[in-house]
Protein chains: 2
Amino acid sequence: MAVNLKQLAELLGLSQTTVSRALNGYPEVNAETRQRVLQAVRETGYRPNRAAQRLATGKAYSIGMVMPIAAGIDSDVHFGEFLAGLGEEAVKHDFHFVLNPSAPEDEEATFQRLAASGNVDALFLAYMRANDPRIAMLKSLSIPFVVHGRSIGETRDYPFLDIDNTGAFYDATRLLIQLGHQRIALINGPDYLTFSIRRMKGMARALAEHGLNLDEALVHHSLMTDEHGYRSMQRFLQQPDAPTAVLCSSTVLALGAVRAINQAGLAIGRDISLIAHDDVLPMLKPENFSVPLTTTRSSLRAAGGRIATRLIAGILKSGDYPDQELWRAELIVRASTGPAPQK
Amino acid sequence: MAVNLKQLAELLGLSQTTVSRALNGYPEVNAETRQRVLQAVRETGYRPNRAAQRLATGKAYSIGMVMPIAAGIDSDVHFGEFLAGLGEEAVKHDFHFVLNPSAPEDEEATFQRLAASGNVDALFLAYMRANDPRIAMLKSLSIPFVVHGRSIGETRDYPFLDIDNTGAFYDATRLLIQLGHQRIALINGPDYLTFSIRRMKGMARALAEHGLNLDEALVHHSLMTDEHGYRSMQRFLQQPDAPTAVLCSSTVLALGAVRAINQAGLAIGRDISLIAHDDVLPMLKPENFSVPLTTTRSSLRAAGGRIATRLIAGILKSGDYPDQELWRAELIVRASTGPAPQK
DNA sequence: ACGGATATCCAAAGCGCTTTGGGAGGAAAG
DNA sequence: CTTTCCTCCCAAAGCGCTTTGGATATCCGT
C-alpha cells in the first residue's frame, strides 16, 4: 500500500533525485514542480522510509537520554511530565528515543557508549548540579546536546534551556515582603540541584534588598514529595518564631505543606501565606487546592517539548533556534497569599 | 574506526554472505568458520549497522509504547520504575523506543498510527482495565504486543505478563486472619484497574474462607500517592469499629498510612498490622520503614525488563518464552504484622 | 548569433546489511 | 566409476533513500 520514492517519481514522471530534492527543500527545483510533488505526497500519503534515510544520511533520527536511576529521580513525579513533553514532540517528527537508565557511577560510560553507538544524533541532559562534571564530558563527546537547566560555576558555553529560577523566587519573595511578611520559609528541592540553589538565591536577594536575612532555620532541602513538604512545614510551625509565609519549590511539596498548615489550624492566605512553584502537572493544579495557590508557573511539559524541538531542528539543520534560552516564570497571584498577620 | 561487514569479510578472507550467516546463526556455516568470525568480531569490535539491518530486513528494531497522559498515570511513581526496566533491557539489545504520549480519547488513533508507521515492531500496553477495549484493538492491528497485567472478562488469548494479584492479597489476608484479625481494611489503587480489582478479590476470598465478609466501609480506592494513603487510613481509624489490620496496594500508600497510624498514637505491628504490596521501588524500601513492613513483593522493574525481553525475542524470533506469564508475589513477613490486639 | 550564466532536471553510485540462487568439492549411493 | 547429495561458501541483487556529477534548455549581454 505504502508508496516509495521510486513509485512516486514514476507517477510524477520525474526522477527520484528531483522528487527527493523537492521534498528536502533544495533550491534547484522549479517552484511549480515542487508544488506538484507536494500535492502527490498528499494524495498518496507518501512517507519516506526512515531506515533508508538513516542509511543514506548516516543520521540516526533519534535522541538519546540517560535516565538517572538515582534515588528520588527516576521515580520523580516531575520526570514523567517532562518526558511526556519530549515524547510528544519527538513523535511528531518521527524521531525515536533511546532511553538509557544508568546509575550515577557509570553515567560516563553510558554516555560514551551511547554517543559511540551511532544510534543517537543528540543527547539530552537534566537534573543539573552545581559544577556538573557531565557537561565537560558531553562537550568532549562531539555529539550535540541540550541541557535542561544549567550548571553553576562553569563557563556557560553550552546549549541549554532553563527557567529563571532566581527571578521567579525573587519575584515571589518580593511580593511576600510587600505584603508585610518578614519571616519567610523555604521548602526547596534537593540542595545539590541547581534550580534549588538558584531559587534560594533569588529569595535571599529579595530579602537582602529589603534589609532582611535568610534564616537558615527556615530553609529545608529534600526530595520533592508531599511527605517531605508536610514534615518541613510541620517543623517550621513548631519553631518559636514561626514564619508567616512559605515558598515551596513544587506544588507537590505544597500539597504536604498545606496539609500541615491545616492541621495546625491555621488559615492559608490569612494566618500564613504560601507561594509554590508550579510545573503545571496535570494532576495537581494550584487552582484546585482548597485555597487556590499563588504560584510561579512554568510548564515542565512545554520545556520537554521545546528541548525536543531544538534537538531535532539541530539535527535536521532546519529552523533556527537560540542556543540558550531562559524562560521567565509567571507569578500568578491567587488566594494563598495575603497580608502578613498583625502581631 | 568502526568496521563494517565488508571489511570484516575481507579481513577474514570470506564473503559477506558467509560472515552475515555466521553472525545470524544460520546452519550452513562451518563451526570452525563461525568461531573465526566470532573471534574477529571480538577483536575488531564490529557492530552491525542497525539502519542497514532495518532497511534490509524491514524490521524496525524498536518497540512502541503509548504513554497514557491521563491524570495519575503519567506522573505515577510506579511508571518510571517500570520504564527503567524496559529501557535497561532494550538498550542491551540495541532496541529503540517510540514513546507516544496520548490522551485516552485518541488512544486508538495513536495505536493505529504507531502500528502503521512501520516504526515499531511491537507494542506494549499497561494499566489494564476490566474489559479493556484496547486489547481487541491491538489484536486487530496485526502487530505483536505484550500486555502488562491482564484484562478481566475477556477471553485470555493474548500475550501478557502479570503478577498473581489475587493470590498475593489472598495470602496476605490469610496471614492476618491467622494472626487473629477480623476487621481488615484495604487501601487500594484506582478501582478501574485490574490489579486493584484482583487484589480486592483475593482479599475477599480469604475472608470468605474463614466466614468473614469484606466490609465495604473498609475499602478505599484511589491514586497511589501517600497523601491518599494518609487520608484513607485516617478515615478508617476514625470509624467506630476501626480495623485492626490494613492492606495497602503500594508502599507509597503505606507511607501515608503509617503516618496516619503514628499520628493516632498507635503502634504498628501491635495495635494495628499492616501489609503492603512492594513494587521494589528503590527509594522506598519496606525494610527502611520505622517499623519494617510485611509485604507482598514483586519487582516492577523486573517486569519491565521481562516484557522487553519477550518483545525483543519475539521480534528476533530468538529464544522461546512463554506467551503468558503469571508471577507469584512473595509474602515477606517483617515487623509490621502481629497478633490482633485483644479487646 | 554566440559564449557563458542560470535554472532544472536526471542517471547512477553508494549507504551496509540480508537473501536469493547458485557452485565447487567431497562423501555416499548405485 | 558415475550419479546424487550434502556441506560450505560466494556473487550479486536488492532494501529506499541521498548525493555527486553531469546533462539540457533557456536566457543574457554583446
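Over all chains, the structure holds 9 aromatic pairs (rings of Phe, Tyr and Trp, the last by its six-membered ring, with centres within 6.5 Å; planes under 30 degrees apart are stacked, over 60 edge-to-face, the rest tilted). Take A:Tyr61 and A:Phe95: their ring centres sit 5.7 Å apart with the planes at 70 degrees, so this pair is edge-to-face. It links distant parts of the chain, 34 residues apart: A:Tyr61 is in the loop between α4 (50-57) and β1 (62-68) of chain A, and A:Phe95 in the loop between α5 (77-92) and β2 (96-102). Both A:Tyr61 and A:Phe95 are buried (under 20% relative accessible area, with exposed over 50% and partly exposed in between; 1.4 Å probe, protein chains only). Over in chain B, B:Tyr61 and B:Phe95 also pair edge-to-face, at 5.7 Å centre to centre and 75 degrees between the planes. B:Tyr61 counts as buried at 9% relative accessibility, and B:Phe95 does at 2%.

A word on conventions: this is a predicted model, where local features need pLDDT of at least 70, side-chain atom pairs count only at pLDDT 80 or more, and totals for chains, interfaces and linings use all residues. Residues are numbered from 1 along each chain as its sequence is written, chains are lettered from A and ligands numbered from 1 in the order in which they are written, and side-chain values use heavy atoms, leaving out hydrogens and water.

Beyond four places in sequence, the contacts of A:Met233 (heavy atoms within 4.5 Å) include A:Ile187, A:Val246 and A:Ile272.

Strand β4 of chain A (residues 145-148) is covered on both faces, with A:Phe145 and A:Val147 buried on one side and A:Val146 and A:His148 on the other (strands are DSSP runs of E, at least two residues; helices are H or I, at least four; both are numbered from the N terminus). β4(A) runs parallel to β3(A) (residues 122-125), joined by 3 bridges (pairing takes at least two DSSP bridges), and A:Leu123 stands opposite A:Phe145.
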